[in-house]
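Thank you all for coming.

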Amino acid sequence: MAPKPKEKPKASAATAAISVEDLFTSLNRHIQRSEYEQAVKVSDQIIAAAPGDEDAIRCKVVALVKGDCIEEALAAIKEFSKKASSVDLSFFKAYCLYRQNKLDEALESLKGHEGSNESMLLESQILYRLGKMGASVDIYQNLQKSKIDSLEINLVAGLVSAGKASEVQGTLDSLRVKATSSFELAYNTACSLIEREKYKDAEQLLLSARRIGQETLMEENFADDDVEIELAPIAVQIAYVQQILGNTQEAVAAYTDLVKRNLADDPSLVVAVNNLIALKGPKDISDGLRKLDKLIEKSDGPEKFQLARGLDLKLSQKQREAIYTNRALLLLHSNKMDQARELVGALPGIFPGSLMPVLLQAAVHVRENKAAKAEEILGQYADKFPDKSKVILLARAQVAAAAGHPQIAADSLANIPDIQHKPATVATLVSLKERAGDIDGADAVFDSAIRWWSNAMTEDNKLNIIMQEAAAFKLRHGRKEEAARLYEELVKSHGSIEALVGLIQTAAHGDVEKAEVYEKKLKPLPGLKAIDVDSLEKTSGAKHAEKGPAVGVTETYEAKNKDKAKKKRKRKPKYPKGFDPANPGPPPDPERWLPKRERSSYRPKRKDKRAAQIRGSQGAVAKEAASSSDTKSNQPANPKGASQNAGTEQPKASSKSRKKSRK
């Protein structure tokens, strides 16, 4: 028998371990060099050699995420979750869902990882993207003790977005961090100053942020173009501050330079384009629409419109809403009502809970001369969301007032409690109710405002202003007793001269004695003492005397006028240069200012006898000949006689003119 073939020896466990270690060494080298595609391939080799290796699985998922292969990463997570159930990849799944903007699913995947710093940071980012700024800031504040690098940058950004810009400086002081410690922190702190309307301070800090950023990035060997791209958000914010400060030309130049050079990240470039369009307004509608059409595109998904180049994931809700709003306004200005109606109809689905889509819907109806429909939409929204109704009711009042519906406008303003008793609101309500013919309602507005300001404990109390206007209103509408009472209260409490005059005028209609009593409190005007009333009534008025009292002001005034008329200063006549009044010479021609044709020496030019020659094509007939032939149609048609008649009439006219010229 032939001998059996020898079996190949199996690889020992030590040989396999060495092979896997080499693969991990290669994997580490690829990761350090950011060669993520090669790292994925080596990870697959390790997993094939050692199935279920937790480190290899995690390295593959991270390499896919770093290489922006989010779909492949989710597929790998799903696969490994089935094969190796012991490996927990829920955090990586949450991050991939966050990158795909599936924020609710990402939060759901994070459940069970609330304690770790990485999970808390990701959760705060998800909440920030969802617009829940308060919850995001709370997580950042809980992480302050963890000593995470650059945590203060995100914390300040969250405070600004949450509307807590006033807390930024206190937070930096508690963290013992200066705003200029990094250009990112300086930028975020400048944004907080902008929210607090400290634009000059914000401008200085932004300039410092740009200088610090240039120094930092140049030390890290960034190329010049890359430095410009990294610092583009700061450049856009500086231009915005210039725009707010009224430096329009500088802002336009900065925005235009950013757009033309195209050295900016997509969010900064889009913000620059949007701000430039808003700055120009309706001046260049076609150019603005053309630029925005490149940013907004239709989609087949549930949301009919979306931003191009993935900008929905890179811009905040406030920024995206501003872009859509500007496009809708430009469509209204250009009278493209169909497109405006389509875009505005899709905005409630894109920005649920926002006020802007409702306001834009009302604007479309107003542009279509459907003010009643706009009032109805705004009123329904105000009733449905009373906590957000202030802006809606103000818009409804404006639409109704412009459409000639004063009662609806007044009712809208009356439903805003916190501005009810401000002088501007009171004046507007009274004016609207007067236009609507509701005098009692207008009077009730004044009475309510007086009661409120009487009990208000504020430093800047407006009671005297309200009472003054209320008294004038009551007097204007015949309510003299109430007006007199208000004027009297004003005189006793504030000693107002205007109120004293009003009280005297009001009391003079019914209580003359009271009017005389208060009339004595008026200070006499200086220079108007001892005036003769009888003579004053006979004249047009009295003139103020500056130098003491004068008796008989009227007579003295007339006498002074007569003296002034007599004592006119005589001035020597001015003669032309070189003229001797002793030897004036011959007098000038009295007809020197008359036109030449009106002077007696005028002789007109003789008329040319050839002026009556017939000109034109052969066979043409002169107008004079034609008219003479019509008048002498009863004479025999003799060509020779016609030419003689035409020749004898013309000299007569010329002889008459010569006779006139000889006279």
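This is a predicted model: local features need pLDDT of at least 70, side-chain atom pairs count only at pLDDT 80 or more; totals for chains, interfaces and linings use all residues.

**A walk through the chain**

Let me begin with helix α3, residues 54–66, and helix α5, residues 90–99, whose axes come within 11 Å and cross at roughly 10 degrees. The axes here are lines fitted to C-alpha atoms, for helices over the stretch in contact, with angles running from 0 to 180 degrees between N-to-C directions. Angles under 35 degrees count as roughly parallel, over 145 as roughly antiparallel, 65 to 115 as roughly perpendicular and the rest as oblique, and α3 and α5 are therefore roughly parallel to each other. On the α3 side the contact is made by Arg58, Val61, Val62 and Val65, and on the α5 side by Phe92, Tyr95, Cys96 and Arg99, where contact means heavy atoms within 4.5 Å. Sorted by class, this contact of α3 with α5 has six nonpolar, no polar and two charged residues; Ala, Val, Leu, Ile, Met, Phe, Trp, Tyr, Cys and Pro count as nonpolar, Asp, Glu, Lys and Arg as charged, and the others, Gly among them, as polar.

Residues are numbered from 1 along each chain as its sequence is written, and side-chain values use heavy atoms, with hydrogens and water left out.

As for the whole chain, there are 34 helices and two strands, taken as DSSP runs numbered from the N terminus, with H or I and at least four residues for helices, and E and at least two for strands. Of its 663 residues, 33% count as buried, and buried means under 20% relative accessible area, exposed over 50% and partly exposed in between, with a 1.4 Å probe and protein chains only. Among the contacts in the chain with a separation of 6 or more, 45% come from residues 24 or more positions apart.

Next, the aromatic rings. The structure holds six aromatic pairs, counted for rings of Phe, Tyr and Trp (its six-membered ring) if their centres lie within 6.5 Å, with planes under 30 degrees apart called stacked, over 60 edge-to-face and the rest tilted. One of them is the tilted pair of Tyr95 and Tyr98, at 6.1 Å centre to centre and 45 degrees between the planes. Both residues lie in helix α5, three residues apart, about one turn of the helix; Tyr95 counts as partly exposed at 29% relative accessibility, whereas Tyr98 is buried at 11%. In another pair, the rings of Tyr324 and Phe351 have centres 5.6 Å apart and planes at 70 degrees, so this pair is edge-to-face. Tyr324 lies in helix α19 (residues 317–333) and Phe351 in the loop between α20 (337–350) and α21 (356–367), so the pair ties together parts that are 27 residues apart in sequence. Tyr324 and Phe351 are both buried.

Now to helix α9, residues 151–161: how many of its 11 residues are buried? The count is nine, and the helix is mostly covered. The buried residues include Leu151, Ile153, Leu155 and Val160, and what covers the buried part includes α7 (117–130), α8 (133–142), α10 (168–175) and α11 (183–195). After α9 comes Gly163, whose phi is positive, near 80 degrees. In helix α11 you will find Ser192, which counts as buried at 2% relative accessibility and, not counting residues up to four places away in sequence, touches Val160, Ala165 and Val168.

Further along, Ile504 sits in helix α29, residues 497–510, and is buried, with a relative accessible area of 14%. Leaving aside neighbours within four places in sequence, Ile504 is in contact with Ala515, Tyr518, Glu519 and Leu522.

I will finish with two loop residues. Asp68, in the loop between α3 and α4 (70–83), has a phi near 60 degrees, a positive value in a residue other than glycine, and counts as exposed at 54% relative accessibility. Asn369, in the loop between α21 and α22 (371–384), also has a positive phi near 60 degrees, and counts as exposed at 74% relative accessibility.
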